[in-house]
Amino acid sequence: MPDGTICAVATPPGRGGIGVVRLSGPDSAALTEAVAGPLPAPRRASMRRFAGDDGAAIDEGLVLWFPGPQSFTGEDVAELHGHGGPVVMDRLLQRLLGLGARLATPGEFSHRAYLNGRIDLTRAEAIADLIEAGSESAARAAMRSLQGEFAATIDALVQRLTDLRVHLEAGIDFADEPLEGLALQDVTRQVEAVAAELASTRRAASRGQQLQEGLSVVIAGRPNAGKSSLLNALAGRDAAIVTDLAGTTRDVLESYLHIDGLPLRVLDTAGLREGGDVVEQEGVRRARRAMAAADRILMVVDDSDAGDDPALPAEWPDHVAVTTVYNKIDRSGRAAGESAAGLAVSALTGEGMEALRDHLRACLGADDTEAAFIARRRHLQSLDAAAGHIDEALTAARAGAGEELIAESLAAAQASLGEITGAVTTEDLLGRIFSTFCIGK
Ligand SMILES: Nc1nc2c(c(=O)[nH]1)N(C=O)[C@@H](CNc1ccc(C(=O)N[C@@H](CCC(=O)O)C(=O)O)cc1)CN2
Ligand SMILES: Nc1nc2c(ncn2[C@@H]2O[C@H](COP(=O)(O)OP(=O)(O)OP(=O)(O)O)[C@@H](O)[C@H]2O)c(=O)[nH]1
Ligand SMILES: [Mg+2]
C-alpha cells in the first residue's frame, strides 16, 4: 500500500550527461521546494539550483513538477534533473531522505501507478519488459502490450464471458425450465468462439514470451551423433566437450545465443541409449526432461552411420516440434541444406549451418514478430487456466447441463483472465511482480 513520499535515482548507476532523481507522494511539492526553490509550472522544465542542508549548492539542473493525478504514478511527482555523476545523485538522494522522503523499493513507482489506476498489470509489466528487452522484436512486442493491446484483448474476452453469464444467469432467475435446445446451441457456439479467441491470444502471448526469454531448443539424439559439436557450431565457441567417445555429455548444458537479434536458449543433452553407468542413465533422464519442456527438438542423426536410424528413438514427446538434423555429411556425402526429410549439415566443416540458422529463425517466427504480445509465464498460466474452464463450460453445454454449471465455469475462466490485467489480484502476486522491477521504476 502506498505510504509516504518515495524517492529514487531513475537513471542507471554510473556516469552520464544527466541523472534524474524522482519523487512521488504527498510531500513531493514541499521537498522539492526545500531543495530547489519555488515549483515550476506543471510539466514545464525550469532551471534551478539544488541546495544542500547547509545552503550550499549540490548541483544545478532542471526541475519538473507533475501535480497528481496527472502524473505517472497518479500522485504528486517531481523530478530533479541534475548532472549524471554517482556522487551528485547520491547527495541529492541523501538530501531528500534527510527531509523525510523514503527510498523507493524496486518497482514502487509502477506499483503506485497500478494502485492508482493509471496502468493495468500488463502495462506495468510491459514497461519492465521494454527496459529488459534484449532484441528489437522483444521491444516491439513490449510496446504493443504497453500501448494496451494485450489488456484490450483480455478485456474483450472478459466482456464476452460477462455477456454470456448474464444471459445464462437470467435464465436461472426467470425460468424453471432448462435451456431450450436452440438457446443452448447458441450458448455452445458462443463458448466455442471464446475458446478459439483464447487459443489465438495464447499463441500471440507465447510468441511474445519466446521473444523475451528465447525459444528453447534441445539438441538430442544417439550418443556420438555430434550434438555437442552442433551446439559449438551454433554458438561459435567451444561451449561443450567433444570427444569420439560415445557418452561424453552427461549433464544438460545450456547456452544462450542470438540469431539476427532473436534470443535462443540451446540445450545440449546426453546421447539417448539404454544401459551405461548410473551417471549416464541420469544424464539420459535429464535429457528426456529437457526434451519434454522444449519448444523445439533438433534430433541429430549421424548420417555417416547407417545404424543411426532417425526413427529409432521412440521417446520423442509428441507435443514438441522436432527437426531432424543429418550431421557429418562431410563423410556421408549428402547435399547440405534443408529438404523434406530435415536439414543436412556438417558440424565439423560448417556446411549447411547457415540453412540451420535460417530454419531456427523461421521457428522463432522471425518474419512474423508483429503479432506478438510480450507475455510472461504467469500470463500463459492464467490463459491456460482460463482455457481449462472454458473447456469445462463447453463440455457442460454440449452435455445439456444446467445453466448454473456452465455459468460457474465461465466465472472461473473470467477470474483467471482477471489475474492477467490485475482486475483480480492478491497482495502476494503484486509483491512478486513489482519486486522484480529495477529501483526507480
Ligand atoms: N522525465 C521522464 N521521462 C519519462 C518518464 C518519466 O517519469 N519522467 N516515464 C516514466 O515511466 C516514461 C513516460 N511515462 C509517463 C507517463 C505519464 C506521465 C504523465 O505525467 N502523465 C500525465 C500528464 C500527461 C500530459 O502531460 O499530457 C497524465 O497522464 O495525466 C509521465 C510520464 C518515459 N519517460
Ligand atoms: N566427420 C565429422 N565428424 C563429426 C561431425 N560432428 C561431430 N563429429 C565427431 O563425432 C564425434 C562425436 O561428437 P560429439 O559432438 O561429442 O557427439 P555427441 O552427440 O555430443 O556425443 P555424446 O555427448 O557422447 O552423446 C567427435 O569425434 C566429433 O569430432 C561432423 O560433422 N563430421
Ligand atoms: Mg555431447
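Start by selecting Lys-328. With 24 C-beta neighbours inside 10 Å, Lys-328 counts as buried. A residue is buried if 20 or more other C-beta atoms lie within 10 Å of its own, exposed if 12 or fewer, and partly exposed in between, with C-beta atoms placed from the backbone. Lys-328 sits in the loop between strand S11 (321-327) and H10. Its phi is positive, about 65°, although Lys-328 is not a glycine.

Before moving on, note what you are looking at. This is a predicted model, in which local features need pLDDT of at least 70 and side-chain atom pairs count only at pLDDT 80 or more, while totals for chains, interfaces and linings use all residues. Residues are numbered from 1 along each chain as its sequence is written, chains are lettered from A and ligands numbered from 1 in the order in which they are written.

Now select Asn-224. It lies in the loop between strand S7 (215-221) and H8. Phi of Asn-224 is near 75°, a positive value in a residue other than glycine. Most residues other than glycine have a negative phi, and most peptide bonds are trans. Is Asn-224 buried or exposed? Asn-224 is buried, because 22 other C-beta atoms lie within 10 Å.

**Ligand 2**

Go to ligand 2. Around it are 23 residues, and Gly-226, Ser-228, Ser-229, Thr-249 and Gly-271 come nearest. A residue is near a molecule if its C-beta atom, placed from the backbone, lies within 6 Å of it. Colour the shell by type: 7 residues are nonpolar, 11 polar and 5 charged. Here Ala, Val, Leu, Ile, Met, Phe, Trp, Tyr, Cys and Pro count as nonpolar, Asp, Glu, Lys and Arg as charged, and the others, Gly among them, as polar. Helix H8 (227-235) and helix H10 (329-332) each supply at least two residues of this shell. Which helix gives the most to the shell around ligand 2? H8 does, with 3 residues.

**Ligand 1**

Next, select ligand 1. Arg-43, Phe-66, Gln-70, Ser-71, Phe-72 and Glu-79 surround it. This shell divides into 2 nonpolar, 2 polar and 2 charged residues. Then select Pro-69, in the loop between strand S4 (57-66) and strand S5 (77-84). The peptide bond from Gly-68 to Pro-69 is cis, with omega near 0°.

**The cores**

Show the largest nonpolar core, which has 74 residues. A nonpolar core is a set of buried Ala, Val, Leu, Ile, Met, Phe, Trp, Tyr and Cys residues joined through C-beta atoms within 7 Å. Cys-7, Val-21, Leu-96, Phe-373, Ala-393 and Ile-406 touch the most other members. Helix H6 (residues 149-174) gives the most to this core, with 8 residues. Apart from this core lies another, of 37 residues, among them Leu-215, Ala-270, Leu-272 and Tyr-326. In soluble globular proteins, nonpolar side chains tend to be buried together.

Pick Ala-393. Leaving out residues up to four places away in sequence, Ala-393 touches Val-191, Ile-406, Ser-409, Leu-410 and Ala-413. Two residues are in contact if their C-beta atoms, placed from the backbone, lie within 7 Å.

**Helix H13**

Select residues 403-421, which form helix H13. H13 has 19 residues and reaches 27 Å from its first C-alpha to its last, close to the 27 Å expected. The expected span is 1.5 Å times one less than the number of residues. Buried residues in H13 include Ile-406, Leu-410, Ala-413 and Leu-417. Just after H13, Gly-422 takes a positive phi of about 95°.

Find Ile-6 in strand S1 (residues 6-9). Ile-6 is buried, with 25 other C-beta atoms within 10 Å. The C-alpha atoms of Ile-6 and Gly-100 are 9.2 Å apart, although 94 residues separate them along the chain.

Then select Arg-160, in helix H6. With 18 C-beta neighbours inside 10 Å, Arg-160 counts as partly exposed.

**Zoom out**

Finish with the whole chain. Its secondary structure comes to 14 helices and 13 strands. Helices (H or I, at least four residues) and strands (E, at least two) are DSSP runs, numbered from the N terminus. Buried residues make up 44% of the 441 residues. Along its principal axes, the C-alpha trace spans about 85 × 70 × 40 Å.
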